[in-house]
Amino acid sequence: MKRLFAFLLTLSFALAWGPKGHEIITQYAIWNLPEGTLKAAFSAWAPDLRQAANDPDRRKATTPGEAHRHYWSSELFEPWPFPHFPMGLAAARARFGEAALEKGGVLPWAIETSYRRLVAAFRTGDPKAIVRAAGDLAHYVGDAHQPFHTTLDFDGQSWLNGGIHALFESTLIEAYFDERAEYRPRPARVVAEGPLALAFGVIRQDYPLVRALNEELWKAKRLYSAFDRRFYRKLWNGLFGETERVQIRRAGGRLSSLYLTAWIEAGRPVLRTPPSPAGGR
Ligand SMILES: [Zn+2]
């Protein structure tokens with residue numbers, strides 16, 4: 001067990017929430033949909049959607065510009081609570097410059113763009129395009145609910161808490177998170193404020209968690225070494241585990257709402273259900 005945790009701690013933080021976290025968020029979003037053609041189709045495509053939710057991380061190495069879509073370094077733009085956001089990408093480019101956005105990330109606009117692609121895909125009715133766009137949207141909405149994707153201090157650098165990113169989003173989730181047992185319904189609603197305002201609302205809510213989680217990690221480090229399983233148990237039973245459960249449920253609720261809103265905006269198309277569009281990859 002000690003070796004397992006030591007290994008897990010060395011995993012890269014590059015995969016936000018880790019594949020397991022992104023899959024759970026996608027599944028919760030499907031469960032949260034109201035009964036009807038949308039839920040029936042997404043339930044039938046669930047294995048593909050869960051896979052597609054991790055595609056943006058797989059693309060990072062090969063697609064130029066992809067890496068910047070996964071985070072937003074708040075401090076580079078405005079102090080919390082970012083009173084001038086949300087603003088459109090063109091307005092942000094004009095105000096902060098392309099270099100700042102390259103460094104600081106464009107996560108909120110990645111959510112908006114994937115939402116638009118999903119509306120367009122619903123209009124065409126092409127199941128493959130729908131799964132692709134819905135998977136992208138699932139990924140970026142998931143990333144926005146990971147507090148360490150909202151800050152320049154993405155791995156606890158200024159707290160001497162290196163490794164906190166992976167500990168929060170992968171290590172504890174892989175070890176303890178039970179997808180079915182932790183599910184709580186958060187029924188989908190219509191996102192009247194639009195996807196961009198929703199994205200900034202999420203980030204505004206997350207950001208204070210960065211400090212709280214860093215403080216909590218120090219409390220655990222004073223008690224146990226990272227080679228002691230009690231260290232992980234304490235984190236899972238305390239603020240880390242609680243925050244992970246809440247953030248994953250929130251992400252599943254908001255993602256479901258974006259799916260429902262996109263489908264309504266597209267004119268409530270009837271969706272062709274099985275066979276699975278990717279032919280079961
Ligand atoms: Zn990501």
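Reader: Which residues have the most contacts inside the largest nonpolar core?
Author: Ala134, Leu137 and Tyr259. That core has 67 residues. A nonpolar core here is a set of buried Ala, Val, Leu, Ile, Met, Phe, Trp, Tyr and Cys residues joined through C-beta atoms within 7 Å. Buried means 20 or more other C-beta atoms within 10 Å of the residue's own, exposed means 12 or fewer, and partly exposed is in between, with C-beta atoms placed from the backbone.

Reader: Is this experimental or predicted, and what are the cut-offs?
Author: This is a predicted model: local features need pLDDT of at least 70, side-chain atom pairs count only at pLDDT 80 or more, and totals for chains, interfaces and linings use all residues. Residues are numbered from 1 along each chain as its sequence is written.

Reader: Back to Tyr259. What is Tyr259 in contact with, leaving aside neighbours within four places in sequence?
Author: Ala29, Leu33, Leu38, Ala134 and Ala188. Two residues are in contact if their C-beta atoms, placed from the backbone, lie within 7 Å.

Reader: Which residues of H9 and H14 meet?
Author: From H9, Ala134, Leu137, Ala138, Val141 and Gly142. From H14, Ala251, Arg254, Leu255, Leu258 and Tyr259. The residues of this contact divide into eight nonpolar, one polar and one charged. Ala, Val, Leu, Ile, Met, Phe, Trp, Tyr, Cys and Pro count as nonpolar, Asp, Glu, Lys and Arg as charged, and the others, Gly among them, as polar.

Reader: And the geometry? At what angle do H9 and H14 pack?
Author: About 145 degrees, with the axes 10 Å apart. H14 covers residues 239-265. Axes are lines fitted to C-alpha atoms, for helices over the stretch in contact, and angles run from 0 to 180 degrees between N-to-C directions. Helices are DSSP runs (H or I, at least four residues), numbered from the N terminus.

Reader: Is the crossing of H9 and H14 left-handed or right-handed?
Author: Right-handed. A crossing is right-handed if the near helix is turned clockwise from the far one by less than a right angle, and left-handed if anticlockwise.

Reader: What about Asp48, buried or exposed?
Author: Asp48 counts as buried because 23 C-beta neighbours lie inside 10 Å. Its place is in helix H4, residues 46-52. Asp48 and Lys128 are 9.5 Å apart in space, C-alpha to C-alpha, and 80 residues apart in sequence.

Reader: New topic: H10. How do H10 and H13 pack?
Author: At an angle of about 90 degrees, with axes 11 Å apart. That makes H10 roughly perpendicular to H13. Roughly perpendicular covers 65 to 115 degrees. H10 spans residues 164-176 and H13 residues 229-237.

Reader: Which residues meet there, between H10 and H13?
Author: Leu172, Ala175 and Tyr176 in H10 meet Tyr232, Leu235 and Trp236 in H13. The residues of that contact divide into six nonpolar, no polar and no charged.

Reader: And H10 with H14, at what angle do they cross?
Author: Roughly 90 degrees, with the axes coming within 11 Å. So H10 is roughly perpendicular to H14 as well. Phe168, Leu172, Ile173 and Tyr176 in H10 meet Phe240, Gly241 and Glu244 in H14. The residues of this contact divide into five nonpolar, one polar and one charged.

Reader: On to the backbone. Where are cis peptide bonds?
Author: One joins Trp80 and Pro81, with omega about 10 degrees. Another joins Phe85 and Pro86, with omega about 10 degrees. Pro81 is in the loop between helix H5 (55-59) and helix H6 (89-96). Pro86 is in the loop between H5 and H6. Most peptide bonds are trans.

Reader: Which residues other than glycine have a positive phi?
Author: Leu160 is one of them, with phi near 55 degrees. Arg268 has a positive phi of about 50 degrees. Leu160 lies in the loop between H9 and H10, and Arg268 in the segment after H14.

Conventions. Helices (H or I, at least four residues) and strands (E, at least two) are DSSP runs, numbered from the N terminus. Angles under 35 degrees count as roughly parallel, over 145 as roughly antiparallel, 65 to 115 as roughly perpendicular and the rest as oblique.
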